[in-house]
Amino acid sequence: MCGIVGYIGNKQASEVIINGLKRLEYRGYDSAGIAIVNGELNVKKGKGKVANLEKMLSSVRKGTVGIGHTRWATHGAPNDINSHPHTGQRNKLALVHNGIIENYSILKKKLIEQGYEFYSDTDTEVLAKLIESFIENNKDSLLEAVHHALHQVTGTYGLAIVHTDFPNQIIAARKGSPLLIGIGEDEMLLASDASAVAEYTDKVVYLDDGEIAIIKKDSYIVESAEHIELTKEVHELALSLEEMEKSGYPHFMLKEIFEQPKVISDCLRGRLDVEQGQITLGGIEGVMDKLVNAKRLIIAACGTSWHSGLVGEYLFEHLAKIPVEVEYASEFRYREPLIDEDDVMIVVSQSGETADTLAALREAKSKGALVLGVVNVVGSTIARETDAGVYIHAGPEIGVASTKAFTAQVTVLTLMALSIAQHKKTVSPKRIKTLVKELALVPEKIGEILEHHEKIEKIANLFTYAPNFLYLGRSYSFPVALEGALKLKEISYIHAEGYPAAEMKHGPIALIDEMMPVVVIAATQHTNEKMVSNIEEVKARKGRIIAIITPDNNEVEDLAEFAFSIPETMDVLSPLLTVIPLQLLSYYIAVNRGCDVDQPRNLAKSVTVE
Ligand code: AGP
């Protein structure tokens, strides 16, 4: 989704900003732009990649203050005019914006009545003109004008603003869209994502909603919406540059798929005592009583994280014996949910910035529920607003299609379910010990699957041009079927559906003929017989079966046209293994089709609008 980078210091601002924008490319965008202040305002912007913008910069006057943006269109088509930065009428003020201004048409009407002219279809241009109007009419400073303007605005924003009459400052403001200040030596950066500043500094200050900052080369002041100066904590970033590079892989997605053995080991480190069969999750120890006595768990998330949540539903009900509801975060608050202080909500989010998930979190908190986070990005808004939580420690996930975050989320949810089960004594110590032992072996087993990646590549080569795919699973394999289908459609643009295997006969079976590849995930023992019947139903209609099986599942192997075997494991842990071949299948198909694997069309890595 949209990205913001700002720089003020001694370096050429355009170089730092372009570097930062490149780091943000993974978030998904359709156009890019930059504004440099150096006596005058220099703005370059246009549809397309940051590389196109870079080519335009030879004609820009050098300067040490500037702001840049990657846009993911919400209001107005992705084109040169609608790209950010947007400017005021006098060409002195430039502004970049993430988020949506909901009352922009009312504000625009008023500004037109005052004589302002608009050139774009965006909601953002209204902000540029509105702030400028306060400087001109009220003789406000830039900071005061931003305060005044934002009092009139309804909506969400992460904002960066520069003005030629206030040449040694950048103003930043946040409501609902992340922003952080990077503190350097005689230089300051501003960004919507830490990856854009990590090359220059490891010290950051996260802005909270309602805050406005005035950023100078050697200082910054953060104020509340009421103009009160705030003391902000300086956080240390733990992002290494290497983690943000492809390290020899052709795509981030492939790198991240292959990182999974290490990611799961990191995620388990210090949390599992295999000898004692003991689970320690420091992040939720303080709320364990509440979890043990929870009347109900509500898991809210979006996309892949929602699929992890579905695995969580099986885990918590099966192991911890707590009733679970898994909610699309986007639907949660609009159906007046019945939730109170006896409930516990778990929000699952890789980025920790997903607007729908954040809205569900706030709704649950406002009704008195305890809210826990299962989050990847340290210091993200969701991580900061939850009452407690467990980080998944997957490292930066750059590929838009989530892979390692899914397996790390499922790992953390497994640990949480086991830990509650241990406290509630809903699972015997002996069985917990066996589960813990098996969990510790998961990284090695993922490694074994990855060693056979060519086998999946061969299957992918045969199905590259299939127009549709069906994915079927039962029990723990059902969320994996959904995730497999989502991965394929996201990066290869092939229409794919995930279904509970038995549900197929209630409709989708009508689609099956000799052209339809059906991926069956047959890796849970207790549903195998029923799964075999479902596979027979597909076969009877000439569907082409690709099966993910456990080693001794000869019955399914014989029925399938292609079978890929995962190492032996327990049903509860099977999603951590069965998803790997499906990630690889979608990857190889997308590469064969010439798709932009890491930045698929129309998608954004972190969806910060509702
Ligand atoms: C997954 O491949 C996605 N691109 C998407 O569905 C993602 O999982 C969803 O937007 C939720 O993101 P989050 O985990 O950062 O909250």
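## Overall build

The protein chain has 20 helices and 27 strands. Its radius of gyration is 25 Å, close to the 25 Å that the globule rule gives for 610 residues, so the chain is as compact as a globular protein of that length. Keep in mind that this is a predicted model.

Now picture a box drawn along the principal axes. The C-alpha atoms of the protein chain fill one of roughly 80 × 55 × 45 Å.

Which pocket does the ligand take up? The space taken by the ligand is the second largest pocket. Two elements give two or more residues to the shell around the ligand: α10 (303-320) and α17 (477-492). The largest share comes from α10, with 3 residues.

How many residues surround the ligand? There are 13. The closest are S305, S349, S351, T354 and E490. Sorted by class, the shell holds 3 nonpolar, 8 polar and 2 charged residues.

## Contacts with the ligand

Start with a side chain. In S349, a side-chain N or O atom is 2.7 Å from an oxygen atom of the ligand. A distance within 3.5 Å counts as a polar contact between N or O atoms, so this pair qualifies.

A backbone N or O atom of S402 lies 2.8 Å from a ligand oxygen. For T304, a backbone N or O atom is 3.1 Å from an oxygen atom of the ligand. How much of the ligand does the protein cover? On its own, the ligand has 410 Å² of accessible area, and the protein covers 92% of that.

## Two backbone details

Most residues other than glycine have a negative phi, and most peptide bonds are trans. Two places in this chain depart from those patterns.

The peptide bond joining H84 and P85 is cis, with omega at about 5°. P85 is placed in the loop between β4 (65-71) and β5 (86-87).

The other place is K425. This residue is not a glycine, yet its phi is positive, near 60°. Where does K425 lie? It is in the loop between α14 (404-424) and α15 (429-451).

Definitions and conventions
Residues are numbered from 1 along each chain as its sequence is written. This is a predicted model: local features need pLDDT of at least 70, side-chain atom pairs count only at pLDDT 80 or more; totals for chains, interfaces and linings use all residues. Side-chain values use heavy atoms; hydrogens and water are left out. A residue is near a molecule or strand if one of its heavy atoms lies within 4 Å of it. A polar contact is a pair of N or O atoms within 3.5 Å; within protein, one must be able to donate a hydrogen and the other to accept it, and residues adjacent in sequence count only if both atoms are side-chain atoms. Accessible areas come from the Shrake-Rupley method with a 1.4 Å probe; for residues, only the protein chains shown count as cover. On a 1 Å grid over the protein atoms alone, a cavity is a set of points where a 1.4 Å probe fits but cannot get out, and a pocket is an open set with protein on both sides within 12 Å along at least five of seven lines; lining residues have an atom within 4 Å of a point. A molecule sits in a cavity or pocket if more than half of its atoms lie within 2 Å of its grid points. Helices (H or I, at least four residues) and strands (E, at least two) are DSSP runs, numbered from the N terminus. Ala, Val, Leu, Ile, Met, Phe, Trp, Tyr, Cys and Pro count as nonpolar, Asp, Glu, Lys and Arg as charged, and the others, Gly among them, as polar. The radius of gyration is taken over C-alpha atoms; the globule rule is 2.2 Å times the number of residues to the power 0.38.
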